[in-house]
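Welcome, and please open your viewer so that we can walk through this model together. Have the selection tool ready; each stop tells you what to pick next.

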Amino acid sequence: MTSENTTTLPARGIPADPDAPVLELRSDISVDLVDHSASDLSVVRAARVSTVGDDAQYETKGDGYVAGLIDYLMKSRHGSPFEHNYLTFLITAPIFTVRHLMRHRTWSFNEESARYRELRPVFYVPDADRLLRQEGKPGHYTYVAGDGDDHQLVTEASAAVYAKAYQEYTGMLQAGIAREIARMVLPVATYSSVYATCNSRALMHFLSLRTARPDAAYPSHPQREIEIVAEQMENSLQKLMPLTHAAYEAHGRVSP
């Protein structure tokens, strides 16, 4: 699964040296659901254990009962029944976006390591739809399109820096410098891959902070790149746990 309006751009500002590595400039951010154990019925069973004990594991209630109980749990903010499931995603994104993801400390993460492997020359540039200018004060700002040349400026300036940084990175590796030291010169726009595992309660909290929804009880204003990650994860939640997602939406997108 990849973000909309994905673009692979030709690298600009690359040294003329024919032996220099060819940079790949990308605008896509991918999120793949690679493993899961998540269903609306699992929420009901976790909740019902408090009243029926070990018989809860045999609950086979219909959608009407399940939807009603989940709505009650969401409205009353009884959150623990939403924790007895998991979703594991493989995300490929620029490092600065991965760092936003890792701020959510109840998740589990395993990331590609630049200590153990040589990183590829793959770097992020915004696509033509990305709003590049910010107006207003911190916490009360909006993004606007700006001038017609903004995208070209960002792309060309970024490519020139990426080319130089990767040239120095590979130069140090060829000279025998350890990967864990050589990586210091690479920018946070370098692509990385990470496994991220969460339960539905943690995912709903993540979505409340990382999606821009004016109809939410507590509207948030995330950076667009992490919002692209969140949107793709929300698609998975909606497919796997449609009643949970519907209750989440109905109650202001607030995690229970």
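Which residue in β9 does alanine 93 stand opposite? Select both partners and you will find that it is serine 192. Keep in mind that this is a predicted model.

Now widen the selection to the two strands, β4 (residues 86-94) and β9 (residues 191-198). They pair in the antiparallel sense over 8 bridges.

For the next stop, pick arginine 210, in helix α6 (residues 200-210). An unreviewed UniProt entry lists Arg210 under "active site". Arginine 210 counts as buried because its relative accessibility is 15%, below the 20% cut-off. Show its surroundings: beyond its sequence neighbours up to four places away, arginine 210 touches His100, Arg103, His104, Pro222, Ile226, Glu227 and Ala230. With histidine 104, there is a side-chain polar contact of 3.0 Å.

Finish at helix α8, residues 242-250, and colour its buried residues: Thr244, His245, Ala247 and Tyr248. These residues lie on the same side of α8 because they cover an arc of only 160° around the axis. Just after α8, stop at glycine 252, which takes a positive phi of about 80°.

Definitions and conventions. Residues are numbered from 1 along each chain as its sequence is written. This is a predicted model: local features need pLDDT of at least 70, side-chain atom pairs count only at pLDDT 80 or more; totals for chains, interfaces and linings use all residues. Side-chain values use heavy atoms; hydrogens and water are left out. Buried means under 20% relative accessible area, exposed over 50%, partly exposed in between (1.4 Å probe, protein chains only). Helices (H or I, at least four residues) and strands (E, at least two) are DSSP runs, numbered from the N terminus. The arc is that of the directions from the helix axis to the C-beta atoms. UniProt positions are given in the numbering used here, feature names are shortened, and annotations may be inferred rather than shown by experiment. Contact means heavy atoms within 4.5 Å. A polar contact is a pair of N or O atoms within 3.5 Å; within protein, one must be able to donate a hydrogen and the other to accept it, and residues adjacent in sequence count only if both atoms are side-chain atoms. Two strands pair if DSSP finds at least two bridges between them.
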